[in-house]
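Thank you for letting me take a few minutes of the meeting. Please have a look at the sequence and the model first, and then I will walk you through some parts of it.

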Amino acid sequence: YQRRVRGAVVLTLIDVGVFFASDLSDLIPTQIMFLGPSLAFMMVYIWSRRSPGAILSFLGLFQFEAPYLPWVMMAFGLLLGHSPTHDLLGIVVGHLYYFLEDVYPPQTGRRLLRTPRFLKRIFDAPRVRNVRPPVAQPQPVDLPDNRDAAAADDQGVRRRFGRIDNDDDNDNAYNGNGVVHE
């Protein structure tokens with residue numbers, strides 16, 4: 001299951017995460033000065049919930065499904081002696097976002113989290129697809145003294161891509177398409 005996420009939605013995700021994390025961090029008895037690890041853990045949690053069938057390997061030791069990734073990362077952090085406070089805050093905030101964005105709307109038909117239109121206008125400009133740059137058409141070239149191309153080639157003037165190039169030294173000629181003529 002892959003989902004294309006636009007810039008405005010990502011900014012809304014980060015804004016909602018900062019709002020919830022800063023409010024919930026006030027309820028935790030320890031001081032959390034920097035919310036970066038919690039926000040990163042929130043994104044890991046959201047990805048893991050949206051990709052339930054993905055099989056992951058942890059350090060090549062064992063395999064597990066994606067929804068267990070935040071818990072495996074938190075357990076590894078505990079083994080290394082890290083505090084689980086940031087990780088748990090990220091899991092709680094990620095679950096709040098996941099619930100409000102992916103679980104609640106299909107059940108009730110109402111969306112509580114909406115990306116503001118002005119953000120969509122700023123970040124999600126309409127994209128033009130499958131448009132090739134215009135190709136320059138070769139311009140007709142008048143040969144000097146109304147000679148034809150064969151006569152021009154005899155005198156060291158070579159005709160390439162609708163233009164005349166003087167190539168008196170006759171070493172490798174590059175035609176612009178990656179082909180070298182000798």
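What you see is a predicted model, in which local features need a pLDDT of at least 70 and side-chain atom pairs count only at pLDDT 80 or more, while totals for chains, interfaces and linings use all residues. Residues are numbered from 1 along each chain as its sequence is written, and side-chain values use heavy atoms, with hydrogens and water left out.

Let us start with the chain as a whole. The protein chain has 6 helices and 6 strands, where helices (H or I, at least four residues) and strands (E, at least two) are DSSP runs, numbered from the N terminus. Read along the sequence, these elements follow the pattern α-α-β-β-α-α-α-α-β-β-β-β. Of the 182 residues, 30% count as buried; here buried means under 20% relative accessible area, exposed means over 50%, and partly exposed is what lies in between, with a 1.4 Å probe and protein chains only. If we take the contacts in the chain with a separation of 6 or more, residues 24 or more positions apart account for 45% of them, a contact being heavy atoms within 4.5 Å.

Now to helix α2. This helix has 15 residues and reaches 21 Å from its first C-alpha to its last, close to the 21 Å expected at 1.5 Å a residue, where the expected span is 1.5 Å times one less than the number of residues. Among the buried residues of α2 are L39, F41, M42, V44 and Y45, and the buried residues of this helix pack against α1, α3 and α4. Not counting residues up to four places away in sequence, S38 touches H86, L89 and G90.

Helix α3, residues 69-79, comes next, and here L69, P70, V72, M74 and G77 are buried. What covers them includes α2 (36-50), β1 (55-58), β2 (62-65) and α4 (85-108). W71 also lies in α3, but W71 counts as partly exposed because its relative accessibility is 40%. Leaving aside its neighbours within four places in sequence, W71 is in contact with L88 and I91, and from C-alpha to C-alpha W71 and D87 are 8.8 Å apart in space although they are 16 residues apart in sequence. After α3 comes G81, whose phi is positive, near 95°.

Let me turn to empty space inside the model. Rolling a probe the size of a water molecule over the atoms shows where empty space is left. On a 1 Å grid over the protein atoms alone, a cavity is a set of points where a 1.4 Å probe fits but cannot get out, and lining residues have an atom within 4 Å of a point. How many cavities of 30 Å³ or more are there? The count comes to 1, and the largest cavity has a volume of about 50 Å³, the volume being the space filled by probe spheres set on grid points that are joined across faces, edges and corners. The lining of the largest cavity consists of V9, T12, Y97, E101, R111, L113, R114 and T115, and the elements that give two or more residues to this lining are α1 (7-25) and α4.

E101 is classed as buried because its relative accessible area is 11%, and its side chain makes a polar contact with the side chain of R111 at 2.4 Å. A polar contact is a pair of N or O atoms within 3.5 Å; within protein, one must be able to donate a hydrogen and the other to accept it, and residues adjacent in sequence count only if both atoms are side-chain atoms.

I will finish with the loops. L59 is found in the loop between β1 and β2, and L59 is exposed because its relative accessible area is 58%. Most residues other than glycine have a negative phi, and most peptide bonds are trans. Phi of L59, however, is positive, near 55°. Q31 lies in the loop between α1 and α2 and is exposed, with a relative accessible area of 70%, while the C-alpha atoms of Q31 and T85, 54 residues apart along the chain, are separated by 9.7 Å.

Key:
On a 1 Å grid over the protein atoms alone, a cavity is a set of points where a 1.4 Å probe fits but cannot get out, and a pocket is an open set with protein on both sides within 12 Å along at least five of seven lines; lining residues have an atom within 4 Å of a point.
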